[in-house]
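Please keep the sequence and the structure in view while reading.

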Amino acid sequence: MDALSGPVAEDVAWVRVDEPSAVGSARRAAEQLARQLGAADVRVAEIGLAVTEIASNVQRHGGGGAVLLRAVRAADSGEVEVVAVDSGPGIADVNAALRDRSSTAGTLGIGMGAIARMAHSLEIATTPERGTVLVARFDLGRRRPAPPGTRPVDAAGITRALAGEDVCGDAYATRRHGRGLTLMVADGSGHGPLAASASSAAVRAFLDHDRAAEPPAEVLGRVHGALSGTRGAAVAVAELDVDAEIVRFAGVGNIAGAVLHEGGKRSMVSLGGVAGFRNPTIRTFEYAYPPGAVVVMHSDGVRAGWSEADVRGLVGRTPLLLAATLLRDAGIRHDDACVLV
């Protein structure tokens, strides 16, 4: 979950879009989510129409892929967020696609430009022969987009359950404070409901505090105590101190952390052990966090061997776009996976 002092995002459903019938499944799931969040019938229909076009493009032109539907909730509003990923040929000219009022051949006919007009925000990353990632957010009341620069330090995470499982054993949480942002990723031991229970306990312990900022080792120590009696988990905590230009990182188990900047990728150290079992060594390490740098954390459901070149051009764009791209390209299908950017 995204627990910033603002909207909270929840991954609701992944829909595989490998055949035409799956397009209808994505539309119905999106409409159902929009209704649950309180959208009026007209807006439900608009969201369904846009998701139909998005899923059709994935199926017909991306060679198949997946659509993730997310609920974004704030105190007095809700949004439907759509993440679409494929590994197809990519879009030759994104600007032209967004200007074109007609759809590409064989799809619904409303076109990418119409999706952009119906969405609260839309971002697309496409690479020839590697595919396309699209992130669209649909406000229930069609508010005007927030002015740029209103959230100078932003974060987003994405999770995907092991194929065949109904719940993901990985989880994430974020917390804003005076120095910047603190992030956590937890990978419950094993898979299924018991793993999800452990990672959920880690999230609750991470968020259960009334202090502005704590050293990551202290946060991780509190999480470790809260996981006693569960399966345990691999857990890592990172504090982004914007003014000091430092990332403070503490990890136990196979949670990877890295800082991306102009110089490349700097991996962070996570020590061995399992939070919730015995007494793992917990230590905070510090790393440079220069302006424009991005922090990436992920569970071992994502291969650690990815490089800065794999996400070139995405640093500085919407964090969810980068997270979804990493999950697509480095995610492991036979494991739960989580990426937090």
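Arg278 lies in the loop between strand 12 (264-268) and strand 13; helices (H or I, at least four residues) and strands (E, at least two) are DSSP runs, numbered from the N terminus. The model is a predicted one, in which local features need pLDDT of at least 70 and side-chain atom pairs count only at pLDDT 80 or more, while totals for chains, interfaces and linings use all residues. Residues are numbered from 1 along each chain as its sequence is written, and side-chain values use heavy atoms, with hydrogens and water left out.

**Two loop residues with positive phi**

Arg278 has a phi near 45°, a positive value in a residue other than glycine. Glu129, in the loop between strand 4 and strand 5 (131-139), likewise has a positive phi, near 70°, and is not a glycine. For accessibility, buried means under 20% relative accessible area, exposed over 50%, and partly exposed in between (1.4 Å probe, protein chains only). Arg278 is exposed because its relative accessible area is 77%, and Glu129 is exposed because its value is 65%.

An open sheet is formed by 5 strands in the order 1-2-3-5-4, with antiparallel pairing; two strands pair if DSSP finds at least two bridges between them. At its edges are strand 1 (8-17) and strand 4 (121-127), each of which pairs on one side only. From one strand to the next, the twist averages 15°. Axes are lines fitted to C-alpha atoms, for helices over the stretch in contact, and angles run from 0 to 180 degrees between N-to-C directions.

Helix 1 (residues 20-36) lies across strand 1, strand 2 and strand 3, at about 160° to strand 1; contact means heavy atoms within 4.5 Å. In strand 3, Asp86 stands opposite Gly65. Asp86 is also 9.0 Å from His61, C-alpha to C-alpha, although the two are 25 residues apart in sequence. His61 is found in the loop between helix 2 (41-60) and strand 2, and it is partly exposed because its relative accessible area is 34%.

Val185 stands opposite Ala236 in strand 9.

| Strand pair | Sense | Bridges |
|---|---|---|
| Strand 2 (residues 65-73) and strand 3 (residues 78-86) | antiparallel | 9 bridges |
| Strand 8 (residues 180-188) and strand 9 (residues 233-241) | antiparallel | 9 bridges |

**The second largest pocket**

On a 1 Å grid over the protein atoms alone, a pocket is an open set of points with protein on both sides within 12 Å along at least five of seven lines, where a 1.4 Å probe fits; lining residues have an atom within 4 Å of a point. The second largest pocket holds about 900 Å³ of space. Its lining has 39 residues, of which Trp14, Thr159, Arg160, Ala161 and Cys168 lie nearest the centre. Strand 1 gives the largest share of this lining, 8 residues. Elements supplying at least two residues each include strand 6 (157-160), strand 7 (170-177), helix 5 (192-207) and helix 7 (319-330).

Terms used: Grid points are joined across faces, edges and corners, and a volume is the space filled by probe spheres set on the points.
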